[in-house]
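This report goes through selected features of one protein model. The sequence and the coordinates come first.

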Amino acid sequence: MNNRLYSALLMLLLCTIMPVHAQQWDNYRNNLRDKNVKITETNLPIVFINVNGKQIQKDSYILARMKIIDNGPGQTNYGDTIANPYQGVDYEGYIALKYRGNTSFTNSDKKPYQFRTLKTNVLPDDGGEKQKADILGMGKDNKWAFIAPWCDKVMFRDLLSFELGRPWMDYVPEGRFCEVILDGTYYGVYVICERVSKGKTRLNLHDPGEDDGDLTGDFHVEIDRTDQPYYQSPNHPWSDINGTQKTNFWVKYQYKEPENDEFSSLPADTKSSLNREIQNMESAFRSNNYADPVNGYRKYIDPTSFMDYMLSTEIAMNIDGYRLSTNLYKYSVTRAQKEGLDHRWKMSLWDYNIAWGNANYNQGQYTDYWMWQFNERNGDPEQVPFFWYRLMSDETFVSELKDRWQEYREGNHSDQRLFATIDSLANVVLAGGAQERNQQAWQIIGRSVWPNPYNGQSYDDEMNYLKNWIRNRLAFMDKQLLPPPPPRELGPVAVKPESFTHDVVAEAAPAQQTTTMTIDANRSFYADTYREMGGFPSDRKITSGNYNLLREGETLTYELAPYDQNNVIFLNKSRGIETAVVEFETPFKTSELFYLCTAGAGNGTMDVTVNYTDGTSETTENTTVRDWSVRNPGANETSPALGNVNRDNDNTSSDAHDRLFDYSVETNPDKDIESVTLTTKTDSPMISVFAFGRVVITPTAIDIVETDNRGELSPLVGIYTIDGVRIETPQRGINIFRYQDGTSKKIFIK
């Protein structure tokens, strides 16, 4: 019998004679919404795992058999292996299988796994041998992981970080989407992924002492919790850049290469040598001359590798960054000298499923915080190591970090290339129906799970939320790390009075009679004629304090509607006020439209559609509007601290800590805006929009001299519309090309 046909029949037989049921509730939450999903065909590799009904464990491996069907890039893989017996088999054999992960395990119904490829059907603990295998073209190794996208509903946040970081870092894990069938039951889309580990195609570490007995490496540690053996740093985390210690907290370095149970078989001083290498690094950071380029911290770490880790962590706003799943590795001095390597500590990437705006705690949903400053805001037991604060107090490191970010933005982190990467990853799970099958099995989209800050009702919703979040995050980082662009002229936009739908600002008591709506429960704002402390200003002008939104030297002052009439555009889905159209007094051109707003009963989410006079529209989806009751100011608070009044009894807040926020959307500077349509996307939160602002575009008057005899050597100095508005590139219609010799040429583009 043909070998491939035999393998297919064997796999079918295994699936037939073994109990076809999911893992039991006490070991695996049997919460599949549909246990009968079948794969007819798919663009993804199909992974069959058979454990013969045996319970998969968290702390120890069980024996399993695995087969991966993969017919190659661009080819279709078929779930029916009997009808399609001649498919490509990427791997077939025994594996040691167990669960992995911390919060990704405890808070997910779809569990992540790790596995080791085996030579025979005997586990290593029972005397069996591990065997390296090249899984899906990722290089030979025997340590592998199954990432299980759960709360990450686009299913590629980990891979996005890996793909963006790979061109910059010495090693970043590879991963491949696949669909998993366990004991005959479909369990959805997974990612088979390399582990950050020792192998030759990975960190490529030698055994300690292998290089002429050198015990200065090779080592690999992971900053994480206490669930694995670890070295505890004697240097406490800092709560600020001035070195204030948080003496109740410690940083733990888990032993990864070698693992703790391997020290007994290695040279006697291996463990203490590894600990000493960590101590040497930290001591250099603690020294008074820590920034010395020769004898300071640069003697012990590769600063570029640390910058790359930092930028990867910060762009994703990874709330676990620096303090959990943080991998450091190094090579021995002797080996480095022989092979031309760098013996200093380097970093790699791991665990980004609750990054990229996907966590509703520790500020994970916001775009205007630095994660390296985590300790200043949070009391989580796992803190950011002090040396990150030390790095950010070194002017040279900060300058180099800014230069590195400039390189990123000119490379694969440019807007165009970054969003193309996102679309490419999404297309992999969409093209062959894998996302739909995963949704059928789990029905994850449309229900809120830990720790989602946003609950989209479709895959497109989730994609739009991610993209909008990234745009805001890039704007924040560009503002902090790139040279400041020139200031623009900003100004308010006049709104037609009938566009305001409700009155939420009490100008006098009783508030019940001078307002028509609340901003949260029974609360409204009040004017300074009601109470001075925390009141809206009498001149109805609020100047933005949003240093993330505005460029250096810019001032944006909003003009509010009168307090004795409707003064807010109010949205609340649960009250049936889902959409509002805001009409402006006069159409205008701008490159950026600002809006002043706040949310109540939690963060709100809304779409902003800009409507032009030519009948076209552009929509920015899933803008997150922050909740009004803020006691820890961030980057996008606009107003001074405000107060609130209870409309039922006229009691005012005891202090003034409530806030307004402003956001913006990019617009087409060549078109006139006549209105915007606002649409709330969340049920309970109330969104109140108070005013609008814009970048003022002033037409430039130029003389048009139509000539075909312009001197050929005269350089182009600008391109303008027929109205005299300068533009970056020619547009359809009439364009005015102005040259340095004073001549101009009218050019029509179809």
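## Basis

The model is predicted; local features need pLDDT of at least 70, side-chain atom pairs count only at pLDDT 80 or more, and totals for chains, interfaces and linings use all residues. Residues are numbered from 1 along each chain as its sequence is written, and side-chain values use heavy atoms, with hydrogens and water left out.

Helices (H or I, at least four residues) and strands (E, at least two) are DSSP runs, numbered from the N terminus. Two strands pair if DSSP finds at least two bridges between them.

## Barrel

Seven strands form a closed barrel in the order β2-β3-β5-β6-β9-β11-β10, and the pairing is mixed. On average, neighbouring strands of this sheet are turned by 40 degrees against each other, direction ignored. Axes are lines fitted to C-alpha atoms, for helices over the stretch in contact, and angles run from 0 to 180 degrees between N-to-C directions.

Eight bridges connect β10 (residues 175–182) and β11 (residues 185–194), an antiparallel pair. Within this pair, E179 lies opposite V189 in β11. Helix α11 (residues 434–442) packs on the sheet and touches β10 and β11, where contact means heavy atoms within 4.5 Å. The direction of α11 makes about 125 degrees with that of β11.

## Helix pair

Two packed helices are described by the angle between their axes and the distance between the axes. For α10 (residues 415–431) and α12 (residues 459–481), the axes come within 12 Å and cross at roughly 160 degrees. That makes α10 roughly antiparallel to α12 (the term applies to angles over 145 degrees).

Residues of α10 that meet α12 include L418, F419, I422 and A426. On the α12 side, M463, L466, I470 and L474 are among the residues involved.

## Open sheet

An open sheet of four strands has the order β32-β31-β33-β34, with antiparallel pairing. Its edges are β32 (726–727) and β34 (744–749); each has a single partner strand, so one side of each is left without a neighbour in the sheet. Strand β33 (residues 733–739) runs antiparallel to β34 and is joined to β34 by six bridges. F737 has K745 in β34 as its bridge partner.

## Cysteines

With a disulfide taken as a pair of cysteine sulfur atoms within 2.5 Å, the count is zero. The closest cysteine sulfur to that of C178 is in C193, at 11 Å, too far for a bond. C178 is buried, with 0% relative accessibility, and C597 is also buried at 0%. Buried means under 20% relative accessible area, computed with a 1.4 Å probe on protein chains only.

Notes. Buried < 20%, exposed > 50% of the residue type's maximum accessible area, 1.4 Å probe, protein only. Parallel < 35°, antiparallel > 145°, perpendicular 65-115°, else oblique.
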